[in-house]
Amino acid sequence: MTGADPILEVRDLDVRFHTGQGIVHAVRDVSFTVAPGEIVALVGESGSGKSTIGLALMRLLDHEAAARVGGSIRFTGKNGRSRDLMALSPRSMRRIRGDDVAMIFQEPMSSLDPIFTIGAQLAEAIRIHRSKSAGEAKALALEMLHLLGIAHPRQCLASYPHQISGGMIQRVMIAMALSCNPTLLIADEPTTGLDVTIQAQIIEHLQALQRRQRMSVLFITHDLGLVAEVADRVFVLYAGQVVEFGSVETIFRAPLMPYTGMLLDSLPRLGCSSLPGYRIQAIPGNVPNATAFPDGCAFHPRCRHFEPSTCDRDTPPLEPAAPGHLVRCCRWQSIRGVRGP
(Lines give C-alpha, C1' and ligand atoms only; values in the text may rest on other atoms or scores of the structure.)
Protein backbone atom coordinates (compact mmCIF):
# COMPACT_ATOMS: atom_id res chain seq x y z
CA MET A 1 0.00 0.00 0.00
CA THR A 2 1.00 3.67 -0.36
CA GLY A 3 1.27 4.58 3.30
CA ALA A 4 -1.48 7.21 2.92
CA ASP A 5 -3.61 8.18 5.89
CA PRO A 6 -6.39 5.64 6.46
CA ILE A 7 -9.91 6.45 5.35
CA LEU A 8 -11.26 4.22 8.14
CA GLU A 9 -9.77 4.06 11.62
CA VAL A 10 -11.58 1.86 14.15
CA ARG A 11 -10.43 2.08 17.75
CA ASP A 12 -11.54 -0.12 20.65
CA LEU A 13 -14.83 -1.15 19.03
CA ASP A 14 -16.88 -2.99 21.65
CA VAL A 15 -20.34 -4.50 21.08
CA ARG A 16 -22.50 -6.12 23.77
CA PHE A 17 -26.05 -7.45 23.59
CA HIS A 18 -28.12 -7.63 26.77
CA THR A 19 -30.19 -10.82 26.56
CA GLY A 20 -32.25 -13.02 28.87
CA GLN A 21 -29.29 -15.42 29.05
CA GLY A 22 -26.84 -12.70 30.05
CA ILE A 23 -24.56 -10.21 28.29
CA VAL A 24 -23.33 -11.42 24.90
CA HIS A 25 -19.94 -9.78 24.34
CA ALA A 26 -19.88 -10.08 20.54
CA VAL A 27 -16.96 -7.74 19.76
CA ARG A 28 -14.18 -7.05 22.27
CA ASP A 29 -12.03 -3.94 21.81
CA VAL A 30 -11.29 -4.41 18.11
CA SER A 31 -9.04 -1.86 16.37
CA PHE A 32 -7.99 -1.71 12.71
CA THR A 33 -7.52 0.64 9.76
CA VAL A 34 -8.32 0.62 6.06
CA ALA A 35 -6.21 2.66 3.64
CA PRO A 36 -7.44 4.29 0.39
CA GLY A 37 -7.88 1.68 -2.34
CA GLU A 38 -7.04 -1.18 0.03
CA ILE A 39 -8.90 -4.47 0.49
CA VAL A 40 -8.83 -5.61 4.12
CA ALA A 41 -10.28 -8.98 5.10
CA LEU A 42 -11.90 -9.92 8.40
CA VAL A 43 -11.81 -13.72 8.74
CA GLY A 44 -12.86 -16.27 11.31
CA GLU A 45 -15.41 -18.96 12.09
CA SER A 46 -19.12 -18.25 12.41
CA GLY A 47 -19.72 -16.52 15.73
CA SER A 48 -16.39 -14.68 15.76
CA GLY A 49 -18.02 -11.24 15.45
CA LYS A 50 -17.30 -10.45 11.79
CA SER A 51 -20.81 -9.47 10.68
CA THR A 52 -21.45 -7.60 13.93
CA ILE A 53 -18.45 -5.39 13.16
CA GLY A 54 -19.88 -4.60 9.72
CA LEU A 55 -23.28 -3.66 11.16
CA ALA A 56 -21.66 -1.55 13.88
CA LEU A 57 -19.62 0.39 11.30
CA MET A 58 -22.83 1.18 9.39
CA ARG A 59 -24.53 2.21 12.66
CA LEU A 60 -27.25 -0.37 11.96
CA LEU A 61 -27.19 -1.63 15.55
CA ASP A 62 -28.58 1.70 16.79
CA HIS A 63 -32.11 0.37 16.37
CA GLU A 64 -31.40 -2.67 18.55
CA ALA A 65 -32.52 -1.74 22.06
CA ALA A 66 -30.39 -4.54 23.53
CA ALA A 67 -27.19 -3.48 21.76
CA ARG A 68 -24.46 -1.37 23.39
CA VAL A 69 -21.73 -0.13 21.06
CA GLY A 70 -18.57 1.64 22.26
CA GLY A 71 -15.33 2.89 20.75
CA SER A 72 -14.62 5.27 17.89
CA ILE A 73 -15.01 4.92 14.12
CA ARG A 74 -13.23 7.71 12.26
CA PHE A 75 -14.05 7.90 8.56
CA THR A 76 -12.82 10.21 5.81
CA GLY A 77 -15.37 10.57 3.02
CA LYS A 78 -15.44 12.04 -0.46
CA ASN A 79 -15.21 15.60 0.86
CA GLY A 80 -11.93 14.82 2.67
CA ARG A 81 -13.42 15.53 6.08
CA SER A 82 -12.64 13.07 8.89
CA ARG A 83 -15.47 12.42 11.33
CA ASP A 84 -16.28 9.99 14.14
CA LEU A 85 -19.29 8.07 12.85
CA MET A 86 -20.23 7.16 16.41
CA ALA A 87 -20.81 10.85 17.19
CA LEU A 88 -23.04 11.61 14.19
CA SER A 89 -26.77 12.14 14.47
CA PRO A 90 -29.02 9.52 12.81
CA ARG A 91 -29.84 12.04 10.06
CA SER A 92 -26.17 12.75 9.31
CA MET A 93 -25.41 9.03 9.30
CA ARG A 94 -28.17 8.40 6.76
CA ARG A 95 -26.45 10.80 4.35
CA ILE A 96 -23.22 8.81 4.61
CA ARG A 97 -24.79 5.35 4.58
CA GLY A 98 -25.24 4.18 1.00
CA ASP A 99 -23.30 7.11 -0.43
CA ASP A 100 -19.86 7.33 1.20
CA VAL A 101 -20.10 3.91 2.89
CA ALA A 102 -22.07 1.07 1.31
CA MET A 103 -22.67 -2.52 2.38
CA ILE A 104 -23.39 -5.80 0.62
CA PHE A 105 -25.39 -7.81 3.13
CA GLN A 106 -24.95 -11.49 3.87
CA GLU A 107 -28.57 -12.37 3.03
CA PRO A 108 -29.37 -10.72 -0.32
CA MET A 109 -32.78 -12.41 -0.65
CA SER A 110 -34.00 -10.60 2.47
CA SER A 111 -32.45 -7.26 1.47
CA LEU A 112 -34.75 -6.53 -1.46
CA ASP A 113 -38.44 -5.61 -1.21
CA PRO A 114 -40.53 -8.31 -2.94
CA ILE A 115 -43.27 -5.89 -4.06
CA PHE A 116 -41.04 -3.56 -6.10
CA THR A 117 -39.12 -4.29 -9.28
CA ILE A 118 -35.33 -4.48 -9.32
CA GLY A 119 -35.23 -1.30 -11.40
CA ALA A 120 -37.36 0.69 -8.95
CA GLN A 121 -35.20 -0.30 -5.99
CA LEU A 122 -31.88 0.26 -7.73
CA ALA A 123 -32.95 3.62 -9.19
CA GLU A 124 -34.24 4.81 -5.80
CA ALA A 125 -30.79 4.52 -4.22
CA ILE A 126 -29.25 6.47 -7.11
CA ARG A 127 -31.90 9.22 -6.98
CA ILE A 128 -31.55 9.69 -3.20
CA HIS A 129 -27.77 9.91 -3.02
CA ARG A 130 -26.79 11.30 -6.42
CA SER A 131 -29.67 13.75 -7.05
CA LYS A 132 -30.52 12.28 -10.44
CA SER A 133 -33.80 12.41 -12.33
CA ALA A 134 -35.82 9.23 -12.79
CA GLY A 135 -34.51 8.83 -16.35
CA GLU A 136 -30.88 9.42 -15.35
CA ALA A 137 -31.20 6.99 -12.43
CA LYS A 138 -32.62 4.30 -14.69
CA ALA A 139 -29.77 4.78 -17.19
CA LEU A 140 -27.16 4.49 -14.43
CA ALA A 141 -28.89 1.40 -13.02
CA LEU A 142 -28.77 -0.18 -16.48
CA GLU A 143 -25.08 0.64 -16.79
CA MET A 144 -24.26 -0.90 -13.40
CA LEU A 145 -26.03 -4.16 -14.25
CA HIS A 146 -24.15 -4.29 -17.54
CA LEU A 147 -20.82 -3.75 -15.75
CA LEU A 148 -21.65 -6.64 -13.42
CA GLY A 149 -22.09 -9.03 -16.32
CA ILE A 150 -25.87 -9.42 -16.35
CA ALA A 151 -26.73 -10.65 -19.84
CA HIS A 152 -30.16 -9.01 -20.14
CA PRO A 153 -30.04 -5.92 -17.91
CA ARG A 154 -33.31 -4.38 -19.15
CA GLN A 155 -35.18 -7.58 -18.44
CA CYS A 156 -33.57 -7.73 -15.00
CA LEU A 157 -34.65 -4.17 -14.18
CA ALA A 158 -38.26 -5.05 -15.01
CA SER A 159 -38.20 -8.22 -12.89
CA TYR A 160 -39.22 -8.75 -9.26
CA PRO A 161 -36.73 -10.34 -6.83
CA HIS A 162 -38.45 -13.75 -6.89
CA GLN A 163 -38.14 -13.89 -10.67
CA ILE A 164 -34.33 -13.94 -10.80
CA SER A 165 -31.67 -16.33 -9.51
CA GLY A 166 -29.58 -16.02 -6.36
CA GLY A 167 -26.52 -15.13 -8.41
CA MET A 168 -28.43 -12.37 -10.19
CA ILE A 169 -29.73 -11.00 -6.89
CA GLN A 170 -26.18 -10.89 -5.54
CA ARG A 171 -25.10 -8.93 -8.61
CA VAL A 172 -28.03 -6.54 -8.08
CA MET A 173 -27.00 -6.00 -4.46
CA ILE A 174 -23.43 -5.26 -5.55
CA ALA A 175 -24.74 -2.87 -8.22
CA MET A 176 -26.87 -1.09 -5.61
CA ALA A 177 -23.91 -0.80 -3.24
CA LEU A 178 -21.57 0.53 -5.93
CA SER A 179 -24.03 2.75 -7.81
CA CYS A 180 -23.15 5.83 -5.73
CA ASN A 181 -19.36 5.35 -5.99
CA PRO A 182 -18.76 4.78 -2.26
CA THR A 183 -15.40 5.50 -0.69
CA LEU A 184 -15.71 2.34 1.41
CA LEU A 185 -17.56 -0.89 0.60
CA ILE A 186 -18.31 -3.38 3.38
CA ALA A 187 -18.83 -6.78 1.73
CA ASP A 188 -20.29 -9.29 4.19
CA GLU A 189 -19.92 -12.81 2.75
CA PRO A 190 -20.81 -11.52 -0.74
CA THR A 191 -20.70 -14.98 -2.37
CA THR A 192 -22.30 -17.14 0.35
CA GLY A 193 -24.53 -19.92 -1.00
CA LEU A 194 -23.43 -19.50 -4.63
CA ASP A 195 -21.74 -22.17 -6.72
CA VAL A 196 -18.02 -21.74 -7.38
CA THR A 197 -18.48 -20.60 -10.99
CA ILE A 198 -20.85 -17.78 -10.01
CA GLN A 199 -18.57 -16.95 -7.06
CA ALA A 200 -15.61 -16.51 -9.37
CA GLN A 201 -17.59 -14.30 -11.76
CA ILE A 202 -18.89 -12.04 -8.98
CA ILE A 203 -15.45 -11.67 -7.37
CA GLU A 204 -13.94 -10.86 -10.78
CA HIS A 205 -16.52 -8.13 -11.41
CA LEU A 206 -16.14 -6.78 -7.87
CA GLN A 207 -12.34 -6.56 -8.22
CA ALA A 208 -12.65 -4.79 -11.59
CA LEU A 209 -15.04 -2.20 -10.17
CA GLN A 210 -12.88 -1.76 -7.07
CA ARG A 211 -9.85 -0.97 -9.22
CA ARG A 212 -11.86 1.27 -11.53
CA GLN A 213 -13.31 3.35 -8.68
CA ARG A 214 -10.22 3.21 -6.38
CA MET A 215 -12.57 2.06 -3.66
CA SER A 216 -11.56 0.64 -0.28
CA VAL A 217 -13.16 -2.66 0.70
CA LEU A 218 -13.69 -4.35 4.05
CA PHE A 219 -14.16 -7.97 3.02
CA ILE A 220 -15.91 -10.09 5.67
CA THR A 221 -15.65 -13.82 5.06
CA HIS A 222 -14.78 -17.26 6.40
CA ASP A 223 -13.45 -18.31 2.98
CA LEU A 224 -9.64 -18.18 3.19
CA GLY A 225 -9.36 -19.09 -0.48
CA LEU A 226 -11.10 -15.84 -1.42
CA VAL A 227 -8.96 -13.92 1.05
CA ALA A 228 -5.77 -15.16 -0.63
CA GLU A 229 -7.17 -14.04 -3.98
CA VAL A 230 -8.48 -10.56 -3.20
CA ALA A 231 -7.11 -9.07 0.06
CA ASP A 232 -4.05 -6.95 0.87
CA ARG A 233 -4.15 -7.39 4.66
CA VAL A 234 -5.96 -9.82 6.97
CA PHE A 235 -7.40 -9.54 10.47
CA VAL A 236 -8.11 -12.93 12.04
CA LEU A 237 -10.96 -12.85 14.58
CA TYR A 238 -11.75 -15.33 17.34
CA ALA A 239 -14.35 -14.92 20.09
CA GLY A 240 -14.84 -11.25 19.22
CA GLN A 241 -11.12 -10.37 19.36
CA VAL A 242 -8.38 -9.80 16.80
CA VAL A 243 -5.94 -12.68 17.37
CA GLU A 244 -3.59 -12.07 14.43
CA PHE A 245 -3.03 -9.41 11.81
CA GLY A 246 -0.68 -9.08 8.87
CA SER A 247 -0.31 -8.99 5.12
CA VAL A 248 -1.87 -11.84 3.14
CA GLU A 249 1.59 -13.24 2.40
CA THR A 250 2.60 -13.15 6.08
CA ILE A 251 -0.58 -14.75 7.37
CA PHE A 252 -0.60 -17.55 4.79
CA ARG A 253 3.14 -18.29 4.85
CA ALA A 254 4.10 -17.70 8.48
CA PRO A 255 1.12 -17.61 10.89
CA LEU A 256 2.06 -17.34 14.57
CA MET A 257 -1.30 -17.74 16.33
CA PRO A 258 -2.26 -21.44 16.58
CA TYR A 259 -5.84 -20.62 15.62
CA THR A 260 -4.69 -19.06 12.35
CA GLY A 261 -2.52 -22.10 11.61
CA MET A 262 -5.42 -24.47 12.31
CA LEU A 263 -7.74 -22.43 10.07
CA LEU A 264 -5.23 -22.80 7.25
CA ASP A 265 -4.79 -26.53 7.99
CA SER A 266 -8.55 -26.97 7.58
CA LEU A 267 -8.27 -25.99 3.90
CA PRO A 268 -7.95 -28.78 1.31
CA ARG A 269 -4.41 -28.98 -0.06
CA LEU A 270 -3.93 -29.18 -3.80
CA GLY A 271 -2.63 -32.57 -4.89
CA CYS A 272 -2.93 -34.18 -1.44
CA SER A 273 -6.40 -35.76 -1.69
CA SER A 274 -5.00 -38.90 -3.36
CA LEU A 275 -2.27 -39.45 -0.74
CA PRO A 276 -2.81 -42.47 1.57
CA GLY A 277 -4.25 -41.41 4.91
CA TYR A 278 -4.65 -37.75 3.95
CA ARG A 279 -7.43 -35.98 5.85
CA ILE A 280 -8.44 -32.35 6.18
CA GLN A 281 -7.52 -31.20 9.69
CA ALA A 282 -10.69 -29.98 11.39
CA ILE A 283 -10.43 -27.68 14.41
CA PRO A 284 -11.71 -29.63 17.44
CA GLY A 285 -14.45 -28.24 19.69
CA ASN A 286 -16.61 -25.17 19.19
CA VAL A 287 -16.38 -21.40 19.42
CA PRO A 288 -16.93 -20.49 23.11
CA ASN A 289 -20.23 -19.10 24.36
CA ALA A 290 -20.08 -15.31 24.14
CA THR A 291 -21.82 -14.99 27.52
CA ALA A 292 -18.98 -16.79 29.33
CA PHE A 293 -15.56 -16.80 27.68
CA PRO A 294 -12.90 -19.06 29.24
CA ASP A 295 -10.19 -17.49 31.38
CA GLY A 296 -6.94 -16.57 29.69
CA CYS A 297 -6.70 -17.10 25.93
CA ALA A 298 -10.20 -17.76 24.58
CA PHE A 299 -8.80 -20.36 22.18
CA HIS A 300 -6.96 -22.46 24.76
CA PRO A 301 -9.67 -25.20 25.17
CA ARG A 302 -9.19 -26.07 21.47
CA CYS A 303 -5.47 -25.39 21.08
CA ARG A 304 -2.92 -28.16 20.51
CA HIS A 305 -0.23 -25.93 22.06
CA PHE A 306 -2.14 -25.37 25.33
CA GLU A 307 0.04 -25.05 28.42
CA PRO A 308 -1.71 -25.20 31.85
CA SER A 309 -1.27 -22.21 34.17
CA THR A 310 -0.04 -20.13 31.23
CA CYS A 311 -2.68 -20.11 28.51
CA ASP A 312 -5.61 -20.29 30.96
CA ARG A 313 -4.44 -17.59 33.34
CA ASP A 314 -4.24 -14.14 31.73
CA THR A 315 -5.72 -12.84 28.50
CA PRO A 316 -2.73 -12.30 26.17
CA PRO A 317 -2.26 -8.84 24.63
CA LEU A 318 -2.17 -8.19 20.90
CA GLU A 319 1.56 -7.56 20.46
CA PRO A 320 3.95 -6.96 17.54
CA ALA A 321 5.84 -9.99 16.29
CA ALA A 322 7.40 -8.15 13.34
CA PRO A 323 6.73 -4.89 11.47
CA GLY A 324 3.11 -5.03 10.34
CA HIS A 325 2.47 -8.38 12.06
CA LEU A 326 0.51 -8.58 15.33
CA VAL A 327 -0.36 -11.71 17.32
CA ARG A 328 -2.36 -12.53 20.45
CA CYS A 329 -0.85 -15.65 22.01
CA CYS A 330 0.91 -16.42 25.32
CA ARG A 331 3.37 -18.80 23.67
CA TRP A 332 3.97 -17.47 20.16
CA GLN A 333 7.69 -16.92 20.79
CA SER A 334 8.27 -20.50 21.99
CA ILE A 335 6.07 -22.24 19.42
CA ARG A 336 7.79 -23.25 16.21
CA GLY A 337 5.49 -23.98 13.27
CA VAL A 338 1.81 -23.59 14.13
CA ARG A 339 0.85 -25.32 10.89
CA GLY A 340 0.10 -29.03 10.95
CA PRO A 341 2.08 -31.68 9.08
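**Exercise 1.** Determine how helix α3 and helix α6 pack against each other, and which residues meet.

*Solution.*
Step 1. Helix α3 covers residues 118-130 and helix α6 covers residues 166-178; helices (H or I, at least four residues) and strands (E, at least two) are DSSP runs, numbered from the N terminus. The structure is a predicted model, in which local features need pLDDT of at least 70 and side-chain atom pairs count only at pLDDT 80 or more, while totals for chains, interfaces and linings use all residues. Residues are numbered from 1 along each chain as its sequence is written, and side-chain values use heavy atoms, with hydrogens and water left out.

Step 2. The two helices pack at an angle of about 20 degrees, with their axes 9 Å apart. Axes are lines fitted to C-alpha atoms, for helices over the stretch in contact, and angles run from 0 to 180 degrees between N-to-C directions. The angle therefore makes α3 roughly parallel to α6 (under 35 degrees counts as roughly parallel, over 145 as roughly antiparallel, 65 to 115 as roughly perpendicular and the rest as oblique).

Step 3. On the α3 side, the residues are I118, Q121, L122 and A125, which meet V172, A175 and M176 of α6; contact means heavy atoms within 4.5 Å. By class, this contact has six nonpolar, one polar and no charged residues. Ala, Val, Leu, Ile, Met, Phe, Trp, Tyr, Cys and Pro count as nonpolar, Asp, Glu, Lys and Arg as charged, and the others, Gly among them, as polar.

**Exercise 2.** Which parts of the chain does the salt bridge of E38 and R233 tie together?

*Solution.*
Step 1. A salt bridge is a side-chain nitrogen of Lys or Arg within 4 Å of a carboxyl oxygen of Asp or Glu. The rule gives 11 salt bridges; for E38 and R233, the N to O distance is 2.4 Å.

Step 2. E38 lies in the loop between β2 (22-34) and β3 (39-43), and R233 lies in strand β9 (residues 233-238), so the pair ties together parts that are 195 residues apart in sequence.

Step 3. E38 is buried at 1% relative accessibility, and R233 is buried at 18%. Buried means under 20% relative accessible area, exposed over 50%, and partly exposed in between (1.4 Å probe, protein chains only).

**Exercise 3.** State whether D265 and R304 are buried or partly exposed.

*Solution.*
Step 1. The side chains of D265 and R304 form a salt bridge, 2.9 Å from N to O. D265 belongs to helix α10 (residues 258-265) and R304 to the loop between α10 and β11 (319-322), 39 residues apart.

Step 2. D265, with a relative accessible area of 2%, is buried, whereas R304, at 42%, is partly exposed.
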